Amino acid sequence: MRLPQGDAFAKGGRERYGLTPRTWQDLAACLRQSADPSVPLPARAARAYLDLAFFHPYPDSNARPAPLVLAHVLEAGTWAVVRAERKSQGQVAWHDSGVASATVSEYIPPAARAVLVDLLAGARAGRGGAAVVRGEAGIGKTTLLRHVTDGLSGVRLLWVNGAEFEADFAYAAVHQLTRPLHERIGRLPAAQRNALAVALELELGEGGTPSRFAVGLALLGLLSDAAREQSVVCVVDDAQWLDRASAQALAFVARRVADESVAFVFGVRDAHVIAELEGLPVLTLPRLSDQVARRLLASSLLGPVDDQVRERILAEARGNPLALLELPRRLGPAVLAGGFGLPTPVSPASRIEQGYQQQVSRLSEDARVLLLVAAAEPLGDPGLLWRAADLLGVGPQAGPEAEASELIELGGQSRFRHPLVRSAVYTAASPAERRRVHGALAQVTDPLTAPDRRSWHRAQSLSRPDEEVAADLLRCAERARRRGGAAAEAAFLEQAAGLTAEPRLRAERSLAAARAAMEAGSFESALTLVEAAEGGPIDAAGRVQAELLRGRAAFFGDGAADAVGHLMAAADLDPGRARTHLLDALQAGLVVGRSSPAARDALAAARRAPAPAGERSTADELLDALVGYLDGDLAVVPVLLGMLSDVADPLWAGRLSLAALLAVELWDVALEDRLAGRAVDSARAGGTLMVLPVGLWMQAMAAAQRGDLLDAAALNSEADGIAEVTGVPPHWYGRLFAAAVRGVDAEARPLFDRVLAESHARRKGMLTATVHAAAALHANGVADHRAALASARLAVADGDLGTSSLALPELVEAAVRCGEQDTAQEAFARLSRHASAAGTDWALGVRAALAALLSDDPAELHAEAVARLDAAGLRVWRGRALLHQGAWLRRDGRRGQAREALRTAHELFTATGAEGFAERARVELAAAGEQARPAGLGAVELLTGQELNIARLVATGATSREVADRLFLSPRTIDAHLRSVFRKLDVTSRRQLADVLGRDA
């Protein structure tokens, strides 16, 4: 029952009962006295009735409150039914569940409260952050969030509740969260302003489809702008129901507010995994201990309770606070006192939901309809709610009755008492009742300002296919695509397919939905839609599309072995493009591993592929050359290198993995870097954000091979930051070889072990070979040649692409150092054939360096190796060639020349940061009669990858805003990193920074 908010009158208006500042506290105090168990129940009921009548008589006498007060005392067990709506500042009811507000803090875990209080205090001090509060339904997540945010002064609180019905609308949660800030969007830079305006469907939006990064960066800018005036706290409750676009944007920002006066807190129900939030600090709320649960239960039970009933309630609730409060309320005094009628055990959440449904069932039909309208309308818009209710013939008394049930609060925005209430109301209604309500909501939703919501409600109102509505949903899907909401596009297309009567057209629309879901990264949804399409009559082209979608889902979902089968099936169904599909199947197989059944099947199918009819495409040329190379024909190497050198060829756009493997296998670091750079530039220009981190990781690999560990660290850092948001699985290759070159056991070996375990779990034989190759390089660097020999043998065992240049050289050197000449000669012969075919300075320089180790007269070979590897720009390999040369010169008695070569090698290794090889050079130099300082870190090496990235961009003259846009950070974060850079490098200006970095380069 909602009490009057103004003065009350009696006796025809002759008596006036005014409100005072203490009226609500006095009423609450009086009502709490009705909880005295020493007073008989009838007396307590009478006392409560008189108290209520004294404070708030009604115009139709005091008869109306009487049954409500009896219900309050006899069944509810607390004063929740007539609780004061205006709580005193700092007091919070346990999720409006009826616990006296003064006792709430006792049941909130102190550690969790302290963490959130510190988080919010940090934001007010300019140190932003984020946290995720997890727990089962009813455990107190919302109570905790309200407890720590109520009464906060000097902050702007932005709160949004995820709604299951909103999950199909791109950026719905962002729109709700930022509604109080919309007038500030015009202050953002043009690119950010347009991106956010288009995403939120605001009038000032211009331009095409915004990328998720552009929207995230704009949201970061918006919150940063607001935080300059007042700290901002963003609470996202029930985050498990966020639409995917909002989840990505909010997670993107939450990871980038460390230097802002902005805090994020997400409430997530257990059993829901939100990939976008993975890695953020997590607080998991436990169930109450038995002692605390008994205390909470006792505080809500006012009448006599049978001991067995009390124990059963405690067992049923399982320490869930909301269950402890709701179960007694539903059981009633007879059951509580006598122990009769306890139901069968179910989960606390189910028990609570059942209780809400029973409570709903006791309401009038009009009140039930009103609650159902509110449940089906997730915005809580009172205008929509009441217009739809009027259309459905709901009477004016339904609102007060619904509020009196304590299930909902109506006002500026309707709000259910608990998310489980919305679910209980909606699922309790029959399908016909739900369709009727959605139909009313569709009629009252403005088709101009909210066409997508109107169409969605129309779709939900139908019980049979309807082509007009299906066509309307297709238009919604197109609008969703323009806003960048691929997930929403897929949802609308799926609905359109479900409302399509014609089977063939329904299958086509299901495939279109599957393609959109694939683009959104929702692989499971895409496969479900493919299955739906295959259930209808699809033509040959549709079957090909289905197999390609399955193959793509498998490839990007870490199931490359399964991808091969689907791509080969597509080749069988599509003879005209069979060779292209087989090329992709072969790429997938090689990623799995050369010796895998998947790779063998793909290679066998490619061998059997008939010659192309008509003019040969570049894909045909590549397939034939690749099959020839895999079959041992080294004459095709120039053909492959020529095709790779055309980095702008669209052939490589979807085959970045294959391009990277071939460039490394064919000994061309410069080509590898060019291919990666082209992919990065294209991804930045086209917003292809699934490709961007992969290209950056490729560049990091090339940098590590060149010996530029600082560049590798910066590129890895940038790629990692983007991958956090896009969900792209990590590519470890650059990080592996950077660790191997660096030569620090404590860093390298744990990384090798971790990635090796992951490669086995993901069935990636090629990744396994790469880990062994990196381990061999590391072991040779630290002079553990026996370990290097073992790792190198494992790396080359299956002949995976990339091992010719990465692992064979380590096998030759390790075998020589271990005295295994036969192994060394055999491996060198194999390496020599591949190096001669490639003909690059890298290949020929390494061949000369290793030939020198096997030669009795190596002088010319050493000189050739140093010259070629210098021309190739490979600092570590040039240092290794000088190390070999200096060691030989020392043994040959030419100590002066030896010192010169070894000194240069040591300087190269030290400048590179290759500590293992630098130590080897230092030992050799000491043996030659010269002492060198042990390798150590220079000032620039002290920078983190992110700091180095920012420093280098600033050194080019870029402003903080430009750097922020490039790295998807806020300008304030850029400035904070710059302060750290200036301190570490002991500089005071951007000009000095450029000078320091120039000297380092």
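**Entry on the model and its confidence.** I note that this is a predicted model. The pLDDT averages 82 over the chain, and 83% of the residues score at least 70. Confidence is lowest in helix α3, residues 65–76, with a mean of 51, and highest in helix α39, residues 808–817, at 96. Over residues 57–61 the pLDDT stays under 50, and the model has ten contacts for them beyond four places in sequence. Residues 338–346 also have a pLDDT below 50, with 24 contacts in the model beyond near neighbours in sequence. Where pLDDT is low, the predicted coordinates should not be read in detail.

**Entry on the overall make-up.** I found 49 helices and nine strands in the chain. The chain has 1001 residues, of which 56% count as buried. I also looked up how far apart in sequence the contacting residues lie. Among contacts with a separation of 6 or more, 68% are between residues 24 or more positions apart.

**Entry on the nonpolar cores.** Which residues have the most contacts inside the largest nonpolar core? They are L223, F264, F266 and L736, and the core has 271 residues. I followed F264 further.

**Entry on helix α14.** I checked the length of this helix, residues 365–376. Its twelve residues, at 1.5 Å a residue, should span 16 Å, and the end C-alpha atoms are 16 Å apart, so the two values agree. Helix α14 is mostly covered, with nine of its twelve residues buried. I noted the buried ones as A367, V369, L370, L371, L372, V373, A374, A375 and A376.

**Entry on E813.** Is E813 buried or exposed? E813 is buried, because its relative accessible area is 0%, under the 20% cut-off. The residue is found in helix α39, the helix with the highest confidence in the chain. Not counting residues up to four places away in sequence, E813 touches N780, H785, L850, L853, R880, H884 and R920.

**Entry on positive phi values.** I looked up two residues other than glycine with a positive phi. D238 has a phi near 50° and sits in the loop between β5 (231–237) and α9 (244–254). D238 counts as buried, because its relative accessibility is 6%. A783 has a phi of about 65° and lies in the loop between α36 (765–781) and α37 (785–796). A783 counts as partly exposed, because its relative accessibility is 41%.

**Entry on cysteines.** How many disulfides does the chain have? The count comes to zero. C476 is buried, with a relative accessible area of 0%. C818 has a relative accessible area of 19% and is therefore still buried, as the cut-off is under 20%.

Technical notes: Residues are numbered from 1 along each chain as its sequence is written. This is a predicted model: local features need pLDDT of at least 70, side-chain atom pairs count only at pLDDT 80 or more; totals for chains, interfaces and linings use all residues. Side-chain values use heavy atoms; hydrogens and water are left out. Helices (H or I, at least four residues) and strands (E, at least two) are DSSP runs, numbered from the N terminus. Buried means under 20% relative accessible area, exposed over 50%, partly exposed in between (1.4 Å probe, protein chains only). pLDDT is the predictor's confidence in each residue, from 0 to 100. Contact means heavy atoms within 4.5 Å. A disulfide is a pair of cysteine sulfur atoms within 2.5 Å. A nonpolar core is a set of buried Ala, Val, Leu, Ile, Met, Phe, Trp, Tyr and Cys residues joined through side-chain atoms within 4.5 Å. The expected span of a helix is 1.5 Å times one less than its number of residues.
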